[in-house]
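The sequence and the structure are shown first, and the description follows.

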Amino acid sequence: MKKSLLAGCIALASAGTQAELSPMSEFELHNVTGQAGVDIELDVGVQIGEIRYTDTEEVVGGVSDGDGGSLTISDVYIGGGENRSTLFGFSNPGNTANLNNLRFKIDIDQDGSLLVLGEPTSGGVGVVDILLTTGEIAVEGAGGINRHVLVDSISMYGGALALEMRVDGATNDIELYTAIGIEDLDIDMSSSFGIVIEDAVVAGNAYNEKLAANRTPDASDRVAKLYVNMSTDVADGVKFDFASPFDDENVIDIRMPSVSVGGSQLGGIVIDDLQFRGVSMVVSGR
């Protein structure tokens, strides 16, 4: 139940530190989280009527640049998998509608680095269950003209095993790691492209191999280990670097057993060992 946990963590982190991120060893993490600090346990459900990004129009010398359109995401819900009794194929009763069973341990060490460790508090298979759903994702012109629906709806149910974040006291970088898996992903794009994806799975890089060997993937196989280093040490932007120091991070397996196009069943798609370890990008405004 906790994907908004990322947003909360990043908000806490950016509220006041600077950092360069060097990967923390398990020993260092244990030392950190064993010290005195602050614990925060979450029990929340988030509902958002609409998220709207507008590409603001600029007028220079009486001439418009032609911008002013918007991208909208409607009916966003972030919470727990209520009424779902399993997670990652294992019994996990007692799921609620809220994002809960999550504790953040927060410490600040002597050099001013902020350290945040998110982990399940108890119960089930030791995984925090997460449900994210949306309504329509659409683009429209200024004043709502020429509205086109890109995605009719998204439903994503899964779980998280861990979240670690470090903001170093000497620079402005943020190092973020999470272990998260998607057990049931449904994407409806029938209005725009006629495509519907149902019951998709996003997991770690050993998931497909376990299934091919007629073995049952365990919880650690079902989560993808994701790492990113965010740095503001670039001109007018933020750099996202996915070059993980560990070989099993930023490599995922994807299974889409049901894909239909134009109302007809296309079949299933399997993607094995999708790597984005070499991806680096800079996001900036203009």
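## The nonpolar surface patch

Val261, Leu266, Ile269, Ile271 and Leu274 form a nonpolar surface patch of about 390 Å². A patch is built from residues with over 30% relative accessible area and no salt bridge, where like charges are joined within 9 Å and nonpolar side chains (Val, Leu, Ile, Met, Phe, Trp, Tyr) within 5 Å. A salt bridge is a side-chain nitrogen of Lys or Arg within 4 Å of a carboxyl oxygen of Asp or Glu. Accessible areas come from the Shrake-Rupley method with a 1.4 Å probe, and for residues only the protein chains shown count as cover.

Strand S19 (residues 264-275) contributes the most to the nonpolar patch, with 4 residues. Leu274 lies in strand S19, and Leu274 counts as partly exposed because its relative accessibility is 36%. Buried means under 20% relative accessible area, exposed means over 50%, and partly exposed lies in between (1.4 Å probe, protein chains only).

## Basis of the model

The model is predicted: local features need pLDDT of at least 70, side-chain atom pairs count only at pLDDT 80 or more, and totals for chains, interfaces and linings use all residues. Residues are numbered from 1 along each chain as its sequence is written, and side-chain values use heavy atoms, with hydrogens and water left out.

## The chain as a whole

The secondary structure of the chain comprises 3 helices and 20 strands. Helices (H or I, at least four residues) and strands (E, at least two) are DSSP runs, numbered from the N terminus. Of the 286 residues in the chain, 41% are buried. The chain exposes about 14700 Å², of which carbon and sulfur atoms supply 53%.

Among contacts in the chain with a separation of 6 or more, 65% are between residues 24 or more positions apart. Contact means heavy atoms within 4.5 Å.

## Positive phi angles

Asp75, in strand S5 (residues 70-79), has a positive phi of about 55° although it is not a glycine. Asn101 is not a glycine either, and has a positive phi of about 60°. Asn101 lies in strand S8 (residues 99-108) and counts as buried because its relative accessibility is 15%.

## Ser231 and its polar contacts

Ser231 belongs to strand S16 (residues 224-231) and, at 11% relative accessibility, counts as buried. The side chains of Ser231 and Asp173 are joined by a polar contact of 2.7 Å. A polar contact is a pair of N or O atoms within 3.5 Å; within protein, one must be able to donate a hydrogen and the other to accept it, and residues adjacent in sequence count only if both atoms are side-chain atoms.

A polar atom of the Ser231 side chain also lies 3.0 Å from the backbone nitrogen of Asp233. Not counting residues up to four places away in sequence, Ser231 touches Asn172, Asp173, Gly237, Val238 and Lys239.

## The aromatic pair

The structure holds 1 aromatic pair. Phe242 and Phe276 form this edge-to-face pair, with 5.8 Å centre to centre and 75° between the planes. The pair links distant parts of the chain, 34 residues apart: Phe242 is in the loop between strand S17 (238-241) and strand S18 (251-261), and Phe276 is in the loop between S19 and strand S20 (280-283). Rings of Phe, Tyr and Trp (its six-membered ring) pair if their centres lie within 6.5 Å; planes under 30 degrees apart count as stacked, over 60 as edge-to-face and the rest as tilted.

Phe242 is buried, with a relative accessible area of 17%, whereas Phe276 is partly exposed, with 24%.
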